[in-house]
Amino acid sequence: MATEFDVVIAGGGIAGLTAAVTAARLGRKTLVVTGDVPGGQLMSIEKIDGYPGFPEGVPGYDLCPMLQDQAAAAGAEFMMNGLERLDPQDGKWRVTTGEGDILARAVIVATGTSLKKLDVPGEQRLTGNGVSQCASCDAPLCRDRIVAVVGGGDSAMQEALTLAEHASNVIILHRGDVLTGQARYRDRVAAHRKIEVRFNTAVAEILGDARVTGLRTRKSREGAIVDLEVAAIFAYIGLQPNTAVLQDRLSLDSAGRIPIDGCMRSELVGVCAAGTVRCQSPCRAVSAAGDGASAAVTVDRYLTESSWREG
């Protein structure tokens, strides 16, 4: 593999793969540093709704490989290592990975986000033994059992619907008064006979020795403690941007995301950000794809004109 590229893209999710397709088709020598799992977080999503061209939705584990194949066919190269460091070097960027350093004329950061943890007793100890964040992976293991989903947004409701195809009952636990996701999901959850929603409820502890056997919950208002018997718990309480390796290199907003302008440019010359890692992202697969394409076009223009800011 060459040690210098026109564009290095950090992240192998929808944003990174779309950027790779676009940059490679524009004739740029392109490398995608995918991390351990090409496809990113969407690889565990049973169905992505609202993505153009798929009126019935599409599994993330189908869509992401399609995009990777398309990027490879356009000429992009791939490395299954993550971004470990980013440093300026002679007007370019030195990208440090587990396989060594790569020199890039421009960089697109599309490292995405990770699901937040509950940070309660029992969570770390029982991860993989009833504590999960992948319903499509573990739902078959929950057949005819009671499971809990924590959260009130799109992801929580999608995963609850996936789990309901296998489990005997699904209990959604949400801190707020109302579910906050799309109306389509709210309607499906409300109509599903296997799904129960408990509002104003937080998880205080995950119970069990070798495996999850239950939850200790706390009512948000009155503080009442209620123990639930469940065989598994799936938490979808928000997203944490994967920007830890960049926090000393550029400014981040209060949520840990990368500020950008309308062309996906960061404050660093030659560095764009795309997808859920950038500030004010709507956190949709389709917007991530648009970000990736926009970032690649911006980088191509920069490499052609040697000018980072317009005007």
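Predicted model: local features only at pLDDT ≥ 70, side-chain atom pairs only at ≥ 80, totals over all residues.
## Starting at A273

Residues are numbered from 1 along each chain as its sequence is written, and side-chain values use heavy atoms, with hydrogens and water left out.

Is A273 buried or exposed? A273 counts as buried, because its relative accessibility is 1%. (Buried means under 20% relative accessible area, exposed means over 50%, and partly exposed is in between, using a 1.4 Å probe and protein chains only.) Setting aside neighbours within four places in sequence, A273 is in contact with V109, I258, I260, M264 and R278, where contact means heavy atoms within 4.5 Å. As for G60, that residue is 213 residues from A273 in sequence and 21 Å away in space, C-alpha to C-alpha.

## Two nonpolar cores

A nonpolar core is a set of buried Ala, Val, Leu, Ile, Met, Phe, Trp, Tyr and Cys residues joined through side-chain atoms within 4.5 Å. The largest one here has 35 residues, and the members that touch the most others are I14, Y51 and I108. Two or more residues of this core come from each of β1 (4-10), α1, α2 (60-74), β6 (100-109) and α7.

Take I14: leaving out residues up to four places away in sequence, I14 touches L42, Y51, L63, C64, L67, A285, A288 and A289. There is also a second, separate core of 22 residues, with A139, I172, A232 and Y236 among them.

## Salt bridges

A salt bridge is a side-chain nitrogen of Lys or Arg within 4 Å of a carboxyl oxygen of Asp or Glu. How many salt bridges does this rule give? The count comes to 17.

One of them joins the side chains of R28 and D300, at 2.7 Å from N to O. This pair ties together distant parts of the chain, 272 residues apart: R28 is in the loop between α1 (14-25) and β2 (30-33), and D300 is in helix α7 (residues 285-305). R28 is buried at 16% relative accessibility, and D300 is buried too, at 17%.

D87 is buried, at 6%, while R85 is partly exposed at 47% and R94 is partly exposed at 25%. Through shared partners, salt bridges join R85, D87, R94, D101 and R249 into one network.

## Helix α7

Back to α7, the helix that holds D300. It has 21 residues and spans 30 Å from first C-alpha to last, close to the 30 Å expected at 1.5 Å a residue (that is, 1.5 Å times one less than the number of residues). Just after α7, S306 has a positive phi of about 55°.

## A three-stranded sheet

Strands of a sheet pair through backbone hydrogen bonds, either parallel or antiparallel. Here, an open sheet of 3 strands runs in the order β12-β13-β14 with antiparallel pairing; two strands pair if DSSP finds at least two bridges between them. β12 (201-207) and β14 (225-229) are at the edges with a single partner strand each, so one side of each has no neighbour in the sheet.

β12 and β13 (residues 214-219) pair over 6 bridges, and V203 stands opposite T217 in β13.

Technical notes:
Helix = DSSP H or I, 4+ residues; strand = E, 2+ residues; numbered from the N terminus.
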